[in-house]
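Here are my notes on the model you sent over. Have it open while you read, and take the points in order.

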Amino acid sequence: MNNFIESLFKKTKSPFQFDHEDIDVFVNPPRTRDKAKNDRFTEIIARLYDYQNYKTEIIDGYNDSGADILITKKNITTAIQIKHSHPLSKTKNIGEDVLNKLLQAKHIHNAEHLQLITTTYFIQNTIKKANSLKIDLIGRDKLFNFISNVSPEFVAALSYNYSIENFNTCPHCNNGKMIVENSSKTKSYYYRCLSCKKTAAID
């Protein structure tokens with residue numbers, strides 16, 4: 001009986017693999033155009049679908065096809081356009097021109113479904129137009145729901161790193177975040193890096 005209960009909690013699939021750079025792309029999206037981060041974000045989305053046993057292909061708008069990723073499962077292809085930017089940045093709203101461009105992918109790649117994924121949000125005109133064109137919109141809220149369904153571990157890591165985003169950065173490794181600790185011997189407070197474990201005095 002105990003073996004049966006243990007089997008219910010045993011994962012049959014290895015966790016979705018991610019690293020610090022993947023987390024940073026989500027926690028600190030660019031306020032200006034950043035090709036390296038945009039490419040990384042597109043790659044992460046492709047990997048999330050690949051993890052769900054989709055056949056994925058990053059085409060990154062090849063030949064101006066209007067799509068960045070093609071995913072296929074059970075001979076059904078979906079063309080995906082990716083828009084990666086900071087939700088508070090002054091970027092142009094995703095409008096009809098983007099939707100019309102994505103619509104081309106349906107014919108170029110014989111795609112049955114169209115999907116537009118963004119780290120920001122959609123205005124009402126875009127939502128209405130997308131509904132009429134039968135384009136599936138995944139804004140920031142739906143995006144995090146999607147990730148949580150695929151990989152709760154990734155969402156947990158994103159939430160944790162977002163919670164410490166404003167902590168001081170370690171002056172030693174220039175990467176980890178500094179937390180405050182107390183010495184029982186000296187009765188004083190100091191910083192300790194969560195990554196390299198080195199300490200620094202509190203001014």
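1. Contact here means heavy atoms within 4.5 Å. On that rule, and leaving out residues up to four places away in sequence, Gln81 touches Gly66, Ala67, Asp68, Val98, Leu102, Gln115, Leu116 and Ile117. Gln81 belongs to strand S3, residues 76-83. Helices (H or I, at least four residues) and strands (E, at least two) are DSSP runs, numbered from the N terminus.

2. A word on the ground rules. This is a predicted model, where local features need pLDDT of at least 70 and side-chain atom pairs count only at pLDDT 80 or more, while totals for chains, interfaces and linings use all residues. Residues are numbered from 1 along each chain as its sequence is written, and side-chain values use heavy atoms, with hydrogens and water left out.

3. Is Gln81 buried or exposed? Buried, because its relative accessible area is 7%; the cut-offs are under 20% for buried, over 50% for exposed and partly exposed in between, with a 1.4 Å probe and protein chains only. Gly95, in the loop between S3 and helix H4 (96-108), is buried too at 15%. Its C-alpha atom is 9.6 Å from that of Ala130, which sits 35 residues away along the chain.

4. Now the rings. Those of Phe, Tyr and Trp (its six-membered ring) pair if their centres lie within 6.5 Å; planes under 30 degrees apart are stacked, over 60 edge-to-face and the rest tilted. The count comes to 8 aromatic pairs. In one of them, Phe26 and Phe144 have ring centres 6.1 Å apart and planes at 75°, so they meet edge-to-face. Phe26 is in helix H2 (residues 20-27) and Phe144 in helix H6 (residues 140-150), so this pair ties together parts 118 residues apart in sequence. Phe26 is buried at 4%, whereas Phe144 is partly exposed at 26%.

5. Ring pairs also join Phe16, Phe18, Phe26, Phe41, Tyr51, Phe144 and Phe154 into a cluster.

6. How do H2 and helix H3 (residues 35-51) cross? Their axes come within 10 Å, at roughly 110°; axes are lines fitted to C-alpha atoms, for helices over the stretch in contact, and angles run from 0 to 180 degrees between N-to-C directions. The two helices are therefore roughly perpendicular, a label for 65 to 115 degrees, with under 35 roughly parallel, over 145 roughly antiparallel and the rest oblique. Glu21, Asp22, Asp24, Val25 and Phe26 of H2 meet Lys37, Arg40, Phe41, Ile44 and Arg47 of H3.
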